[in-house]
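I set out to record what could be looked up in this structure. My entries run from the whole chain to single residues.

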Amino acid sequence: MTGGNSPICYLKAYHTNLYLSADAEKVQEAIDEGIAAATIFSPSRDVAVSQSQLRVAFDGDAVLFSDESERIVKAHGLDRFFEHEKAHENKPLAQGPLKGFLEAMGRLQKKFYSKGLRLECPIRTYLVTARSAASSGARALKTLRSWGLETDEALFLAGAPKGPLLEKIRPHIFFDDQMFHVAGAQEMGTVAAHVPYGVAQTSRRTSPTKQAPPAQ
C-alpha cells in the first residue's frame, strides 16, 4: 500500500521478476526502469486451461529480444529484413524487456530437468513468433542458446494470426508487444499481456489506435 504513490520505485528493491498491471502508465514506467512488465487484459470468453501445468507464451521481437528487427521492417520492408536476418544469423539479438523473466522461469524448470522430469515439469514455455522458420527463425533460436536459455516449444507463424494457435496451446498468459496480437489472443480466450517496448510503441504514441479493454 503506497498511499496513492507509484509502486515502481520499490520494484527493484524487491528484485521483481515481473510486474503486471491494468494501469498502462505504471507498466510503461516499469519498462523504462528496466523491469519486466506488461499491461494485462482479460479474455473475451472463458477457456479451460491446465490445472497441473503453468503455460506461458512469449512473442519474440520486442519481448524476449530487442526491437532491432522490427525497426528494419518498419524502415526498409520485409525483403530487407530477411536479408538482414540471414546476414546476421550468427549474431545474437540484444535482450528484450522479458528476457529476465524467462531466465527466472528457466531456473525453476531446471530443478525438474536435472531429475529427468522434463515432461512432468509444472512449467512449460512457448515462443510464438510471426517470424518464419525458414527465413528468420534460426537467429531467434541461436540467440536463446547464446543466453543459455530455451523455450519448450518454438512456433514460427510466418505472419499468420497467433490467436488460433494460442487457442490450441491454451497458455495461462501470452506476452506480445503488438496490440493486434493481444486482441487476437483475447478473442480466443487467452489472458494477454501487452509489453510496451520498442518501435511499435513509438508509433502508438504518435498515432491513436484502438485499445483492448484492460483486465478488471
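**Entry 1: overall form.** I began with the radius of gyration, which is taken over C-alpha atoms; the globule rule is 2.2 Å times the number of residues to the power 0.38. I noted that this is a predicted model, in which local features need pLDDT of at least 70 and side-chain atom pairs count only at pLDDT 80 or more, while totals for chains, interfaces and linings use all residues. I also noted that residues are numbered from 1 along each chain as its sequence is written, and that side-chain values use heavy atoms, with hydrogens and water left out.

For 216 residues the rule puts a compact globule near 17 Å, and the protein chain has 17 Å, which agrees. I found that the C-alpha trace spans about 50 × 50 × 35 Å along its principal axes.

**Entry 2: elements and contacts.** I listed 9 helices and 7 strands in the protein chain; helices (H or I, at least four residues) and strands (E, at least two) are DSSP runs, numbered from the N terminus. I then looked up contacts, meaning heavy atoms within 4.5 Å. Of those with a separation of 6 or more, 70% join residues 24 or more positions apart.

**Entry 3: helix α4.** Which residues of helix α4 (residues 78-87) are buried? I found Phe81, His84 and Glu85. Seen down the axis of α4, these buried residues fall within an arc of 95° and so line one face of the helix; the arc is that of the directions from the helix axis to the C-beta atoms. The buried residues pack against α3 (68-76) and α6 (137-146). The face turned away from them carries the exposed residues Asp79, Glu83, Lys86 and Ala87.

**Entry 4: Thr125.** I located Thr125 in strand β4 (residues 123-129). Is Thr125 buried or exposed? Thr125 is buried, with a relative accessible area of 0%. Leaving aside residues up to four places away in sequence, I noted that Thr125 touches several residues, among them Val56, Phe58, Leu102 and Met105.

**Entry 5: Gly159.** I found Gly159 in the loop between β5 (153-156) and α7 (163-169). Gly159 is exposed, with a relative accessible area of 55%. Its C-alpha atom is separated by 23 Å from that of Phe41, 118 residues apart along the chain.

Notes. Buried < 20%, exposed > 50% of the residue type's maximum accessible area, 1.4 Å probe, protein only.
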